Structure formats: structure tokens, C-alpha cells
Amino acid sequence: MAEGPAKRVLVTGGAGFLGSHLCDRLIADGCDVLVADNFFSGAKENLAHLAGHPRFELLRHDVTFPLYVEVDEIYNLACPASPIYYQHDPVQTTKTSVHGAINMLGLAKRTGARILQASTSEVYGDPAEHPQTEDYWGNVNPIGVRSCYDEGKRCAETLFFDYRRQHGMPIKVVRIFNTYGPRMRPDDGRVVSNFIMQALRGEDITVYGDGSQTRSFCYVDDLIEALVRTMATPDDVTGPINLGSTGEFTMLELAAAVIELTGSASRLVFAPLPSDDPAQRRPDTTRAETTLGWRATTPLREGLARTVEYFRTAGAL
Ligand code: NAD
Ligand code: UDP
Ligand code: UDP
């Protein structure tokens, strides 16, 4: 029997770290993939290996402007994720989350597409509950330097649920916790890329604060699997669903693991903690386990080793 036409999938922010891995997965799954990206924090090089593929298309487009295309599914990932990038032009960051969500929801409404929003653990702010379940409403500073990102993402969630309530649309909201892996920018300022680049260059490793703050780090392949599974859930599954690893590490533990894996002679130096930096973060992923049958399985050391290998060989040095 002849196969039907390929599913048409739009990935906004597809030239970024997570987006480019998602595109690889969707192409491998036989989808027809359209990326819309303004290359603010992403790069065409992340998708260079897909150029010329008959089911792949790359469009330079800013999601704060309307987009008229015909698609079956939308993954809305467009938004810089690293504090350095999202604080560079904070007004644009909020516009990207809010206007971007409105435009993509409008597009989903017109086409009848399913739409998934890449939200973030930052909606919990500096959490007063630990670990964080989806029922926790968060502890976010509305006027601080991280607010452009945190409040933008919170408003995007509001828009998704209001489009659902008003128009009955098939929405999916996932709250992504710190994710790392190959194709992170060496200069993007996030802790995993910073520590690895510093270790490989033999530079001092910059620990902010006393290094006792915690994060849970999810390897990119695990996260992509969860995104695809979420999109495939029945229409009544809206989330929000926490996606992340449940292993919790201090930044001092992360630095020690990076030094050991790279065999670096780098030493730790301590720098001031950025304002509103959450003291601890770890997801409760019970909902992901029951709804998606998913949990992050890649051990931190294994994922770090693959990421170190990428930064060693990708010309990042
Ligand atoms: P990234 O910065 O590598 O990718 C974001 C992509 O969006 C980039 O290619 C960038 O050029 C593009 N973009 C930014 N503004 C845009 C705009 N106005 N129009 C079109 N494209 C635009 O970041 P990432 O780590 O791949 O994150 C992807 C998504 O996942 C983001 O929405 C982020 O908030 C979310 N997220 C990521 C993490 C993580 O740890 N990586 C954690 C929580 C949430
Ligand atoms: N939109 C878009 N592509 C579409 C349909 C809509 O970019 O295919 C944008 C358009 O800019 C619109 C927004 O999505 O303002 C919200 O659309 P909706 O239909 O929800 O509301 P409208 O503003 O059209 O009343
Ligand atoms: N961090 C650090 N050194 C760095 C970069 C970040 O100690 O060179 C810390 C940062 O203060 C935070 C944690 O690492 O406590 C995670 O930072 P990242 O920017 O990667 O993610 P987020 O704060 O958004 O979770």
C-alpha cells in the first residue's frame, strides 16, 4: 500500500541547540520539516547536514511577525535560552515569547495543527518547593533581570491554555529543565558549555556564588525523545509536563566531573552569583513517567563525555 503524504512539521527555533536535534529526529521519522529561525542564538551550521534534503526547508523568519504556512504540527522552540543571550535584548525576549506564541497559536488555529510550547523550569523562579511538581505556581521576581524570560514564558503558557479554553485547540506545554549536549554554543554562557570550554582551554573554571546551588542536567537525546512522545499524546493531554533529569548536582560537583573527564589542570575561581539565580532546582517527573512512559536515562558522566568530545572536535577551541 502506498504511504500517505509526510507529516508537515514546523520547528520554530530549529537552528538552535534543541531545535536542530529535534529536526534530525523528525527527518529520521519521515516528516516534512520546516524551520523558522532568525538566527539570534542559533546557527545555520547546526542544520548544514540537512541542507538539500528533500524533506527539509529552512526559513529566516522572526516569530514576532505573522507566518502563513500549511502544517500539521508545530514545535514552538524559538527563544534564546541562555541568560547571556536572553538578557542581551530583554524586550525582544519577551516579544519572542509572547508575540511568538500568539502568532504560532494563530497559525495552529487556522491550520488545525497540534502545537507544543517549549516552556521552562524558570516558570518556578527561585522555587520555595522542592522538588518542583507541575502544580507548584512558582516564585518569580516580575521585575528582575531574568523576568524577560521567566514572565515571557509564563505568559506564553497562559496564552496556550487560553487558546485551549477559548478555541478547544490541541495544545501541549512542556517545562524543560536544564538540558545539555552537542551543539550548545561554546560561548552561550550556560554552565555546562562554560565549564567544558574552560577545562579544555586550561582556563580557570568560573563558579558563581559558592557553587552549592543545584541543577538537574538532562542529556539532549533523552529530551528530544520526550518532546516527540508529548506531541504524540491524545488531544486531551495538554500538560504542563516537567521534562528533565531527576539527578541533582551542585555546581561544585559538576565542575569536579568536568575536570575529571577532561583531565584538565584548570582551577576553580569564584565569581559573584548573578541576581535571582535559583538556589536549587530538580523536577518531579512523575507526570512524564505516567503520561509518556518516559524518564531521562543518560547518566551525567556519559552525557558530559559526549559533550566534551563534541567541543574537542567541533572546532570550538
Ligand atoms: P537556543 O538559543 O540554542 O535556540 C533557540 C533558537 O531560537 C535559536 O536558533 C534562535 O536563533 C531562535 N530564535 C530566538 N528568537 C527568535 C525569534 N524571535 N524568531 C525566530 N527564532 C528565534 O536554545 P535551546 O537551548 O535550543 O532552547 C530551545 C527552547 O527550549 C527555547 O524556547 C528555550 O526557552 C527552551 N528551553 C531550553 C532549555 C535548555 O536547557 N536548553 C531549558 C528550558 C527551556
Ligand atoms: N497568524 C499567523 N499565521 C496564521 C494565522 C494567524 O501568523 O496562519 C497570526 C496573526 O498575526 C494573528 C495571530 O496569529 O494576529 C493570532 O491569530 P488569531 O486568529 O488567534 O487572532 P486574530 O488576531 O487574527 O484575531
Ligand atoms: N554558573 C556558574 N558558572 C558559569 C555559568 C553558570 O557557576 O560559568 C551557574 C549559574 O550561576 C547557575 C548554574 O550554574 O547557578 C546554572 O546556570 P545556567 O546559566 O547554565 O542555567 P540556569 O541558571 O538558567 O539554570
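Start by selecting S119 and R175: S119 sits opposite R175, a residue of β6. You're looking at a predicted model, where local features need pLDDT of at least 70, side-chain atom pairs count only at pLDDT 80 or more, and totals for chains, interfaces and linings use all residues. Residues are numbered from 1 along each chain as its sequence is written, chains are lettered from A and ligands numbered from 1 in written order, and side-chain values use heavy atoms, leaving out hydrogens and water.

Now widen to β5 (114-120) and β6 (171-176), parallel strands joined by six bridges. Strands here are DSSP E runs of at least two residues, helices H or I runs of at least four, numbered from the N terminus; two strands pair if DSSP finds at least two bridges between them.

Next, show the whole open sheet: seven strands with parallel pairing, ordered β3-β2-β1-β4-β5-β6-β11. At the edges, pairing on one side only, are β3 (56-60) and β11 (241-243).

Then pick ligand 1. Its shell has 30 residues, the closest being L18, D37, S41, Y149 and K153; near means a heavy atom within 4 Å.

- F40: a polar backbone atom is 2.9 Å from a ligand 1 oxygen.
- G42: a backbone N or O atom lies 3.0 Å from a ligand 1 oxygen.
- D62: a polar side-chain atom lies 2.9 Å from a ligand 1 nitrogen.

Polar contacts with the ligand are N or O pairs within 3.5 Å. Last stop: colour β5 again, as it gives the most to this shell, three residues.

Terms used. Polar contact = N/O pair within 3.5 Å; in protein donor to acceptor, adjacent residues only side chain to side chain.
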